[in-house]
Amino acid sequence: MSSSPRPPRIGTWLMESVLPPTDRGAAVLGDLHEEFVSRASRGLHRARIWYVREALGVAVRYVGQSQNYQRGRSRLDVDGRGTWEGFMDAVVMNVRFAVRRLAKSPMFTMVAITSLGLGIGANTAMFSLVNAVIIRDQPFEDPAALMDIYEAGEGFSHGTLSYPDYVDIKEGSTDVFEDAGGMQLVLLQMDAENGVEMVPAEAVTGNYFSILGIHAALGRLFTAADDVARGAHPVVVLGHGYWTRRFGSDPLIVGSELRIAGRPYTVIGVAPKDFAGTVRGVEPVAFVPITMYDELQGMGGNTLEARGNQSFFAKARLRPGATAAQAEAVADRTSASLREAYPTYWQQTKAFVLVPTAEVIMNPMVDRVLVPAASMIMVVVGLVLLIACANLASFLLARAADRRKEIAVRLAIGAQRRTLVGQLLTESILLSMLGGLAGVALAVQSLRALVAADLPLPLPVTLDLSLDPVVLGFSLFVSVAAGVLFGLAPALQSANADVASTLRDESAGGGRARGAALRNLLVVGQVAVSVVLLVGAGLFLRSLEASRDIDPGFGSAPTAILKITIPADRYSESEGLVYLTSLTERIGLLSGVEAVGIIDNLHLEQLNTQNARVMVDGIDPPAGSDFHRVDFATADEGFFAAAGIPVIAGRGFDPSDRPDTERVVLVNEEFTRRFLPGASAVGRSIVVNDEAVQVIGVTADHKVRQLGEAPRPFVYLNRNDSYWASVTLLARTTDDADRLALDMMVAARALDPEIMVVQTTTMRRHLAVVLLGRELGAMVVGGFALLALLLASIGLYGVVSFAVARRAKEVGIRLSLGADPRSVVRMLTGAGMKLVALGGAIGLVVAAAVARLLSSLLYGIPPLDPVTFVGVPVVLGLVALAASWIPAHRATRIDPVSALRAE
Amino acid sequence: MGREGYLGEFEQMLLLAVLRLEEDAYGVRLMDELEARVGRRVSRGSVYVTLDRLEEKGWLASEMSDARPERGGRPRRIVSITPEGLDALRKSRAALLNLWAGLEGALDLP
């Protein structure tokens with residue numbers, strides 16, 4: 001069944017929106033479907049076109065029908081005159097007439113539809129994206145009573161909590177909060193048809209769903225009884241999407257078992273369709289009790305008791321009558337007592353922060369970037385739509401001027417003004433609707449491409465990118481309004497004009513078309529807006545280029561990356577070390593591999609930063625603290641070679657550095673500059689995490705958190721001193737890194753088929769994540785700026801062509817009197833370029849102001865970057881020159897005799 | 001009934017096609033039948049709208065079949081003529097035959 005071709009959805013949608021929602025309506029759709037299927041066997045493409053055309057016909061017919069019912073006239077006049085049917089006949093006739101007229105000037109029609117289509121398409125696609133990320137409401141019950149709980153501290157204003165912190169605030173706030181709960185994100189190792197897959201899930205408290213007011217689509221959701229003892233609740237609630245995708249919405253799924261992380265879990269229910277977790281963009285495939293978190297992570301340890309592990313997203317529901325201010329007072333009280341009880345974790349700056357859930361999009365810290373970025377994109381696409389509408393306006397003004405004579409003639413021989421207006425109106429609306437249709441098609445395609453694009457995102461992101469009816473309606477409204485305003489108004493004006501004088505005026509041939517001034521103004525505006533967009537795009541591109549040139553200080557050679565977790569329930573620390581040693585040996589034997597190394601947390605990891613408490617004799621810690629916070633990682637002896645980080649003084653780690661010998665660390669150059677100035681750092685003793693260690697080597701500097709950062713001090717602890725079950729293996733190769741990454745995974749599974757493979761990737765992709773934001777920004781703004789330039793050029797081309805046509809007679813006279821064709825081209829081109837120069841100048845001034853606003857988003861270039869501000873006018877000038885030269889050049893081919901004889 | 005219950009041309013054509021198709025009278029087949037017999041592709045929208053009208057006048061009755069996969073999981077609307085519909089056809093036929101009678105010569109027909 002699924003192999004039979006599906007009719008185009010736009011057609012089905014069109015009919016569904018007009019047909020009565022009864023069996024009769026369904027039967028009509030069924031008829032079309034049946035015929036479509038039989039036609040599709042003879043040619044899918046033609047069948048699709050046929051389907052849309054038929055759907056349009058049926059829809060038009062039924063619109064008349066339903067209107068008629070609404071008027072309470074159930075019996076139709078068979079005659080059809082003076083009735084709705086009669087009106088519909090007139091509409092059908094007008095549409096036919098308009099189609100014929102539009103078909104007569106295919107270039108005009110194509111250009112107008114393309115312009116509008118691009119503008120509406122860009123808007124619809126981007127708004128749908130923004131809607132999916134930001135606007136769409138979460139399906140929470142009484143959302144006004146929900147509060148997000150965060151922690152603020154040094155360097156972060158809205159961080160997640162540790163589980164013990166959550167328990168403390170929950171217990172300390174029962175007088176203001178009805179209940180508090182939350183979740184941690186977790187990657188599940190789920191058995192699938194081909195081996196296992198790692199899928200994102202939420203490990204939630206038992207009361208999570210009841211606090212949010214989410215009800216099961218099938219079976220039941222968790223209760224407090226599912227969240228009692230560690231490791232004792234192997235039950236799972238499936239996300240609706242995953243249930244649909246992987247299990248074909250199997251209604252009998254409840255009660256069946258899934259193997260997750262090597263253990264059977266019973267499916268107890270399915271979450272509702274509109275609930276895709278509480279972190280936007282990260283759609284959990286399943287929900288598990290938080291008491292299973294450690295077992296699922298496979299890392300051993302006890303997250304639920306670790307106050308240092310801050311990854312719990314907490315939400316609470318206010319008691320009826322309790323206010324946010326009361327809740328804040330309670331949170332402050334709890335913060336104060338925690339600062340007293342746990343000074344190691346709760347520095348003086350740390351405190352709980354409450355934010356109403358309804359005010360949060362992803363996280364207040366992320367929102368601060370997200371909202372301006374989204375607004376910027378919407379402004380950009382809005383400008384593109386503006387330019388597109390200006391194009392349409394300009395074309396329709398030109399046409400209206402063209403048709404003044406036709407209209408005057410028709411009025412003179414007795415046409416009714418009403419009929420004329422109906423025809424003009426139909427033509428404008430038809431044109432804008434076709435543009436709208438093209439735009440929707442474009443938006444659907446680009447959203448599909450976006451979903452399919454293999455972006456190097458740090459997390460698997462799933463967004464519901466369905467077209468948004470609101471923006472669709474808005475875009476259609478804008479286009480129709482533009483069509484009516486600019487198409488009908490001038491035509492009406494000429495229809496009202498004095499017939500005799502219009503006829504006389506036109507025959508004289510010298511009539512200055514009304515609207516020419518307006519069209520010139522439109523071109524000036526278009527050029528100005530294009531310049532602003534182009535400058536923005538130029539700045540982003542230059543800034544991207546500058547970031548690309550940054551040397552992260554590691555990973556320049558092709559390197560494969562494998563992230564694994566060694567299940568702590570089956571491996572003791574020494575067994576885990578044995579496993580890792582044999583795995584590194586195996587990987588070292590793979591062809592092309594030059595170096596293999598291990599680190600717990602690779603630099604420039606977007607979601608993870610960790611820091612150590614460092615004390616150095618003679619260097620005072622910052623005020624209010626007993627130590628310095630320094631980023632660190634735990635690496636083995638092979639890491640520096642594998643990552644390409646040179647050890648510039650002393651030595652790297654060595655197998656002889658055992659836990660029983662003196663503990664040793666490496667530091668980077670910036671660390672020595674900051675903390676160990678003067679004499680050689682090698683051999684000096686410092687305190688890291690309350691333990692005295694010896695510095696045995698110094699590495700070159702490298703980026704730690706961000707590409708754009710100033711050098712940061714860094715400490716490498718020795719892997720032999722501390723075991724971590726979750727590690728990142730790096731293998732530098734002379735060969736293809738993508739293939740090596742897969743070979744590494746095969747090697748890891750060959751040693752133990754149930755090892756948890758978290759990720760296989762390459763250094764190139766790992767570094768691409770860091771640039772992703774800039775790259776997307778440059779791509780989006782750049783793409784739309786080019787679109788704007790294209791549209792503005794089309795507008796300019798149209799204006800110059802029209803001027804040429806209008807001045808054909810004048811050009812004919814000039815040429816027949818012996819004017820040099822080149823001077824004629826110069827004259828006509830020059831008129832167009834004057835408009836461009838004016839628009840360009842205005843645009844540059846505005847762009848300079850905009851650039852200052854953007855300066856915080858730029859890297860490595862000044863806001864008034866000379867390359868951009870010189871390059872853009874040059875490019876624009878060349879494009880504009882071409883757009884006005886082509887039609888101007890055509891003027892020289894005018895035959896003087898026929899030009900003079902005309903009219 | 002409008003105009004003393006005489007049928008319009010299109011209504012007549014549709015009713016006759018329904019009669020011819022017997023058990024098999026639904027949208028797709030009706031359009032094929034009309035095209036085959038009249039030699040003209042009729043507008044789909046008009047067919048449905050007219051079917052609705054004829055049913056409202058009580059000349060047609062319709063019945064929904066089960067949903068079918070080859071129709072995208074949608075039913076067929078199978079229409080049949082009611083006794084009143086047959087009456088109307090008879091009346092129209094008689095009226096038209098009376099009017100046609102004896103005009104073969106004027107139309108150069110055998």
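A helix here is a DSSP run of at least four residues. One such run in this predicted model is helix H22 of chain A, residues 821–854, and A:Pro821 is found in it. With a relative accessible area of 39%, A:Pro821 comes out as partly exposed, because that label covers values between 20% and 50%. Leaving out residues up to four places away in sequence, A:Pro821 touches A:Leu815 and A:Thr892.

Take the contacts in chain A between residues at least 6 apart in sequence: 79% of them join residues at least 24 apart. The chain is divided into domain 1 (1–75), domain 2 (84–137 + 369–511), domain 3 (155–348) and domain 4 (559–766). Taken over C-alpha atoms, the centres of domain 1 and domain 3 of chain A are separated by 46 Å.

Next comes an arginine in a loop. A:Arg307 sits between helix H9 (293–297) and strand S11 (310–318) of chain A. Is A:Arg307 buried or exposed? Its relative accessibility is 10%, so A:Arg307 counts as buried, the cut-off being under 20%. Neighbours within four places in sequence aside, A:Arg307 is in contact with several residues, among them A:Asp165, A:Asp168, A:Tyr342 and A:Trp346.

Salt bridges come up again and again, with 42 in the structure over all chains. One of them joins the side chains of A:Glu35 and A:Arg39, at 3.8 Å from N to O. These two are four residues apart in helix H2 (residues 23–40) of chain A, so about one helical turn separates them. A:Glu35 is buried, at 7% relative accessible area, whereas A:Arg39 is partly exposed, at 24%.

A:Arg732 and A:Glu594 meet through their side chains at 3.1 Å, N to O. Since A:Arg732 lies in strand S22 (residues 726–733) and A:Glu594 in strand S14 (residues 593–599), this pair ties together parts that are 138 residues apart in sequence. Both partners count as partly exposed, A:Arg732 at 22% relative accessibility and A:Glu594 at 48%. Then there is A:Asp631, which forms a salt bridge with A:Arg712, their closest N and O atoms being 3.2 Å apart. A:Asp631 is in strand S16 (residues 628–635), while A:Arg712 is in the loop between strand S20 (691–699) and strand S21 (714–718), so here the parts tied together are 81 residues apart in sequence. A:Asp631 is buried, at 5% relative accessibility; A:Arg712, at 27%, is partly exposed.

Now for the place where the two chains meet. In all, 29 residues of chain A are in contact with 25 residues of chain B. The area buried between chain A and chain B is about 2,500 Å², and carbon and sulfur atoms give 52% of that. Of the area that chain A buries against chain B, A:Arg24, A:Asp31 and A:Glu34 supply 25%, more than any other three residues. Across this interface there are seven salt bridges. One of them joins B:Arg71 to A:Glu34, with 2.4 Å from N to O. Both also belong to a network of salt bridges that links A:Asp31, A:Glu34, B:Glu70, B:Arg71 and B:Arg76.

Conventions:
Residues numbered from 1 in each chain as written. Chains lettered and ligands numbered in written order. Predicted model: local features only at pLDDT ≥ 70, side-chain atom pairs only at ≥ 80, totals over all residues. Heavy atoms only, no water. Domains from an automatic or database assignment. Buried < 20%, exposed > 50% of the residue type's maximum accessible area, 1.4 Å probe, protein only. Contact = heavy atoms within 4.5 Å. Buried area = accessible area lost by both parts, 1.4 Å probe. Salt bridge = Lys/Arg side-chain N within 4 Å of Asp/Glu carboxyl O.
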